[in-house]
Amino acid sequence: MRIVLSSLALAGAGLFLAGCSRLDMQDQPKYKPQRPSEFFADGRSGRPELEGTVARGELQEDTAFYTGKDAQGNDIDTFPVAVDKAFIQRGQQRFDIYCSPCHGRIGNGLGMIVRRGFKQPPSYHIDRLRNAPVGHYYEVISNGYGAMLNYAAQVQPRDRWAIIAYIRALQYSENANINELSADARAKVPAVNAVLTPEQKAALASQPLVPKDTDFYNFPADPATPSGVPGAHGAGAHKTNQPERK
Ligand code: HEC
């Protein structure tokens, strides 16, 4: 009864105050996170979780899937998930977003950030990495490696495996044996030697591995402005006797 009365009184007050304030549920007495409490003996408003509590969907029982390691702590070398074409394509998409800026679209380690000066990662096509178990890749994505930070926050476990499946596809593509193709498919592959002249091949071979980006390194302090454009270096600058700055 008291509750009813007081809520009537409240409603009345609400009517009375209508126009200048509102009484909403958000104004009810409540604890905000980490606020102290006099109610509980330990003085905390938040109640500790029971020992062994697991949040829904966070059990992570499958060690191989969540760590890339077997029971002995060694890198696994078989995928702990089923790999199909859609999965690899998902990996390609995630790889292009998260890894290609440094590792390059084909995994040769010449991504745009590297061409702008970041440490060059090893190519995925060197023997050591071609032979590295999938668990090693999972470890690198999850915990980082040398100069490379980890991508645990950006790439969830399932997507890490998808990326690794795609890296395996990249590695295969760079080492594919033409004799494994059907005769039909083989006929469609242009023979490099037939397409490039010896001069073109020599020119390709003499190119530096990381092309020097002259636009970037020689970026002018002032934009070059065609002469006679008013206001280019301050209003009327072109009218002074100052030589135009380039
Ligand atoms: C910001 C640049 C950058 C990005 C983005 C990046 N990496 Fe790396 N990665 C590096 C560098 C640099 C190294 C070499 C680190 C070293 O040796 O100090 C490296 C090394 C590696 C290696 C080789 C480890 C070894 O055993 O030598 C793997 C595998 C790898 N990265 C996978 C990935 C994957 C997968 C992604 C995307 C989820 C990714 N990286 C994103 C920069 C990057």
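A residue counts as near a molecule or strand if its C-beta atom, placed from the backbone, lies within 6 Å of it. The model here is predicted, so local features need pLDDT of at least 70 and side-chain atom pairs count only at pLDDT 80 or more, while totals for chains, interfaces and linings use all residues. Residues are numbered from 1 along each chain as its sequence is written.

Start with the ligand. There are 20 residues around the ligand, and C99, C102, P121, G146 and M148 come nearest. By class, this shell holds 17 nonpolar residues, two polar and one charged; here Ala, Val, Leu, Ile, Met, Phe, Trp, Tyr, Cys and Pro are nonpolar, Asp, Glu, Lys and Arg are charged, and the others, Gly among them, are polar. Helices α4 (100–103) and α7 (134–143) each supply at least two residues of the shell. Helices (H or I, at least four residues) and strands (E, at least two) are DSSP runs, numbered from the N terminus. The protein comes to twelve helices and zero strands.

Now for helix α3 (residues 85–98). Its buried residues are G91, R94 and F95, where buried means that 20 or more other C-beta atoms lie within 10 Å of a residue's own, exposed means 12 or fewer, and partly exposed is in between, with C-beta atoms placed from the backbone. Across the protein, buried residues make up 11% of the 246 residues.
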